[in-house]
Amino acid sequence: MTFRSKTAWFFGWAWLVFVAANTVDLIVRGSLPSAMVVGAVLGFITWMTYFLALRPATITEQGGVRIRNPFRTAYLPWSSIDDVTVSSAITITAGDLTVRCWTPMPTARERAKTLRQQNRQVKRGRYPTSEPTLTKGERAAREAMAGRTHADWVADEIKELATVRKRESTGEPTVRWAVDSFAATAAFLVLVVVAIVVT
């Protein structure tokens with residue numbers, strides 16, 4: 001299963017469609033050097049969109065979890081995972097290796113929103129005359145859910161999978177540089193150099 005910001009992913013692909021349409025327009029009707037300058041600006045925004053919206057993902061697989069950050073990809077077999085915590089990001093510890101997931105990322109705003117929703121009074125009946133009394137189970141559930149974000153749920157999912165599949169997986173954690181990220185960066189830099197030379 002792939003965990004990422006769905007909003008960022010949607011707007012990232014919408015931006016790519018916009019850039020493709022504008023690139024065709026620049027090729028057909030654009031004139032040098034202004035077309036190259038506009039192309040370089042579009043290239044910069046596309047490069048940032050790729051790194052911040054499209055590439056980051058946390059992917060749970062049969063044998064482990066794959067974390068795609070902008071310039072590196074880490075693969076942690078379930079058997080190697082020691083701890084999963086959430087603070088400003090999901091952090092997975094595997095021996096001496098600590099990997100921070102770029103997505104999903106908890107925000108203070110999202111936490112505050114969930115707390116506000118938990119603190120709202122539960123109204124029963126059309127004209128409630130007093131605050132309803134929650135059962136012991138309802139109070140415990142409410143306290144357990146208070147302030148939880150999507151990142152907390154993902155961290156719990158990773159912990160559970162690591163526990164359940166620990167004996168089924170083998171191997172060592174690996175961290176590799178992302179070739180696609182360097183290729184995108186190189187393409188952007190070539191575009192900038194060409195734009196500078198043409199102008």
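**Pockets, sheet and a buried threonine**

The largest pocket of this predicted model has a lining of 16 residues, and those nearest its centre are Arg4, Ser5, Thr103, Pro104 and Met105.

Q: Which of them gives the most?
A: Helix H1 does, with three residues in the lining of the largest pocket.

Q: How much space lies in the largest pocket?
A: The space in the largest pocket is about 340 Å³.

Q: And how do its lining residues divide into nonpolar, polar and charged?
A: Nine residues of the lining of the largest pocket are nonpolar, four are polar and three are charged.

Q: What volume does the second largest pocket have?
A: Its volume is about 230 Å³. There are 13 residues lining the second largest pocket, and Thr23, Leu26, Ala35, Gly39 and Leu191 are the closest to its centre.

Q: Which elements give two or more residues there?
A: For the second largest pocket, these elements are H1 and H2. Helix H2 supplies the largest share of that lining, with six residues.

Q: What is the lining of the second largest pocket like by class?
A: Eight of the residues lining the second largest pocket are nonpolar and five are polar, with no charged residues.

Q: Staying with helices, where is Thr49 found?
A: Thr49 belongs to helix H2.

Q: Is Thr49 buried or exposed?
A: Thr49 counts as buried because its relative accessible area is 14%, and the cut-off for buried is under 20%.

Q: What does Thr49 touch, not counting residues up to four places away in sequence?
A: Beyond those sequence neighbours, Thr49 is in contact with Gly12, Trp15 and Leu54.

Q: Changing topic to the sheet: what is the order of its strands?
A: The order is S1-S2-S3-S4-S8, in an open sheet of five strands with antiparallel pairing.

Q: Which strands are at the edge?
A: Strand S1 (2-3) and strand S8 (174-177) are the edge strands, and each of them pairs on one side only.

Q: How many bridges join S2 to S3?
A: Four bridges connect strand S2 (residues 57-60) with strand S3 (residues 64-68), and the two strands run antiparallel.

Q: Which residue of S3 does Thr60 stand opposite?
A: The residue in S3 that stands opposite Thr60 is Val65.

Conventions. Residues numbered from 1 in each chain as written. Predicted model: local features only at pLDDT ≥ 70, side-chain atom pairs only at ≥ 80, totals over all residues. Heavy atoms only, no water. Pairing = 2+ DSSP bridges. 1 Å grid on protein atoms, 1.4 Å probe; cavity = no way out; pocket = protein on both sides within 12 Å on 5 of 7 lines; lining within 4 Å. Points joined across faces, edges and corners; volume = space filled by probe spheres on them. Nonpolar A, V, L, I, M, F, W, Y, C, P; charged D, E, K, R; others polar. Buried < 20%, exposed > 50% of the residue type's maximum accessible area, 1.4 Å probe, protein only. Contact = heavy atoms within 4.5 Å.
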